[in-house]
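Subject: Handing over the two-chain model

Hello,

I am passing on the structure we talked about, together with some notes on what turned up when it was examined. Please open it first and keep it beside you while you read.

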Amino acid sequence: MRMSKELFLRLALISRNQYPNEACGILLGNSETSRVDTVCEPRNIFKTADEFEIDSLAYLKIEKCAEKNGKDVVGIFHSHPDAAAVPSEMDKQYMIPGLNYFISSVDCTGMKQLKAYTRKATDGEVIELEYKVG
Amino acid sequence: MNVYISATLRGFFGKNHKFEIATENIRGVLNWLTDEYPDSKKILFDEDNHLRSFIQIYVGDINKTEEIGWSDPLPANGDVYLLPAIAGGSPNKSIISDERSKAISFDDSDIERFGKHLMLRDIGVKGQKRIRAAKVVVVGAGALGSPVIQYLAAAGVGTIKVVDFDVVALDNLQNQVLHTSRDLKRPKVASARDKVKNINKSIEFQPENAKLDADNAVELIDGYDLVIDCTDNYKTRYLINDACALVGIPLVFGAIYQYEGQVGIFNLNGGPCYRCVFPSPPPAGLVPTCSEGGAISPLPGIVGSIQANEALKLIIGIGENLSGKLLTIDSLYLHSRILEVSRNHKCPICGDTPSIIKVEDFDYDDFCGLKEAEEEVPVEGFTAEEFAQKIENNDPMTIVDVREPHERAILRFPNAVVIPIGQLARRKGELNPGIDTVFLCKEGKRSVLAINTLREAGYTGPLYNLKGGIDSLKDIMFSHEGAWL
């Protein structure tokens, strides 16, 4: 998987801007080439330091708009303020098999880490994914 | 009926984004989908046949995810949407595991009782379950223990153990709001139990009418989530810290003195311990304990309430806490500040190469460096009875009162010479080395300091300490004279 440099910097920025709350976003790109280059930032309807939720109908609008513009929903992004970039129990519970999940670790000085994960459709196991920036 | 499948879920339905299904309700839609695409069944449903958390079902803009509405007839022109639930959260920062809080359930009266917690978004049902699952040890049911125990009980902490060996005395009632006049002479843990049971009888209250010492410290706290130090002396503070550091239990520390208080959190996730911050206590007698130095009545209420609040935040896993920090409060001039404190890598108990591997009793004087000279002459003294007998016999002696003026206002000792410790060396000529000189203070600790000071100044006459101070004379000499204010 590849992530554009602009998107990487953008995720770092929104992670820090939302601190100490969780930032979240829908990642768009091309699922054929596994390239992700855009983030939509719908409102976190559960705005606290340790949870996020995106309204499903707001998501639907993003998905339809993306399709109209020839883009695919490639993944979901959210930040972990003051915590490691590893999926929590709650994260795992909401992971859709096959979709990519990017999690950043952030404090007031900025994003420390950005990691990618996916849940395998076969056995439900959550594994870390490699990605390249550029 | 048109059924729209989100892009995120199409992979399980042959990459189709829309189906036309002839059915009357949601259940029909789901049955049709799982019949056509059998592999999608384990994606949509868990082992107990419940829809997985990441699926949302909408009819138009109405959320129909809850199973209860799956049999409702669908409107003729309503589209059905199968969408992802996009949610998640940071890892649990609470000291209570998800497993334990999940095992808790609430009834209607709990919901009503804890309504004000439940309406706080950061606490909610999840936080309240953590509070109920928590097991907390409070050491000391006195001034600080009073607010701590009552607030933990009111907040709904499920298991509270209270360790205290003392009984309620009249002078406790000035600031130990857990106890009342009816509790005089009862064990403090007994009145604590009554109070907690009156607040919420479903709390598991574990009274330990015992003194925490090196032998029982670990046993008393092992298996609990949190220890709250509400004691009033340095020795027990070190014992509690050592036990917490060894067993790996976080400690909420609090202390009060006159108008000032301190609160801190130790042993939390690799943070500093009490020994890192205070490697050794002050010499015995130099700093009076709260019982000797006194404290303004509401001060323990302020400091203890902050301790209880810190404890709840650790249990719920919210906010910032005082780990690696020390909060100091001056209630007289209303100053407060937070000092940064850090872990000492050479700390004998939590450092890189610890030298303390079990909780050990220690000689307080030795520990704080007071016992430096081997050749130091031990201070001789009289017990209250011996002293009273000497007065009775009219034995020739000089009695020196080293207490502060405000202490003498509570009780004047008849025929005593008043010399503050600071003036002793200069005024030693006022004492007659030919007869005994007896020093007295409130508890018999500062008088030892006075005798040592005088010896260092070269005084050679016989010096004696009144053991236990004026307090020990209370029932022997003064009870019938009404000399106390």
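The helices (H or I, at least four residues) and strands (E, at least two) are DSSP runs, numbered from the N terminus. Two residues are in contact if their C-beta atoms, placed from the backbone, lie within 7 Å.

Before going further, please note that this is a predicted model, in which local features need pLDDT of at least 70 and side-chain atom pairs count only at pLDDT 80 or more, while totals for chains, interfaces and linings use all residues. Residues are numbered from 1 along each chain as its sequence is written, and chains are lettered from A and ligands numbered from 1 in the order in which they are written.

**Chain B**

Strand 15 of chain B is joined to strand 19 (residues 463-466) of chain B by two bridges, and the two run parallel; B:Gly381 has B:Asn465 as its bridge partner in strand 19 of chain B.

The domain assignment divides chain B into domain 1 (2-84), domain 2 (98-367) and domain 3 (381-478), with bounds that come from an automatic or database domain assignment. Taken over C-alpha atoms, the centres of domain 1 and domain 2 of chain B are separated by 52 Å.

Strand 7 (residues 135-139) of chain B pairs with strand 8 of chain B in the parallel sense over five bridges, and B:Lys135 stands opposite B:Thr159 in strand 8 of chain B. Strand 8 (residues 159-163) of chain B is mostly covered, since four of its five residues are buried. A residue is buried if 20 or more other C-beta atoms lie within 10 Å of its own, exposed if 12 or fewer, and partly exposed in between, with C-beta atoms placed from the backbone.

Two loop residues of chain B deserve a look. B:Lys15, in the loop between strand 1 (2-5) and strand 2 (18-20) of chain B, has a positive phi of about 60° although it is not a glycine, and B:Lys15 counts as exposed because it has 9 C-beta neighbours inside 10 Å. B:Leu334, in the loop between strand 13 (325-330) and strand 14 (335-340) of chain B, has a positive phi near 55° and is likewise not a glycine; with 7 C-beta neighbours inside 10 Å, B:Leu334 counts as exposed.

**Chain A**

Chain A has three helices and nine strands. Eight strands form an open sheet in the order 8-7-6-5-2-3-1-9, with mixed pairing, and the edge strands are strand 8 (126-129) and strand 9 (132-133) of chain A, each of which pairs on one side only. Strand 1 (residues 2-3) of chain A pairs with strand 9 of chain A in the parallel sense over two bridges, where A:Arg2 has A:Lys132 as its bridge partner. The peptide bond from A:Tyr19 to A:Pro20 is cis, with omega near 5°, and A:Pro20 lies in the loop between helix 1 and strand 2 of chain A.

**Where the chains meet**

How many residues of chain B are in contact with chain A? There are 26 residues of chain B in contact with 34 residues of chain A. On the side of chain B that touches chain A, the largest share, four residues, comes from strand 6 of chain B. Strand 4 (residues 51-54) of chain A and strand 6 of chain B pair in the antiparallel sense over four bridges, and A:Glu53 stands opposite B:Ala87 in strand 6 of chain B.

Best wishes

Technical notes
Two strands pair if DSSP finds at least two bridges between them.
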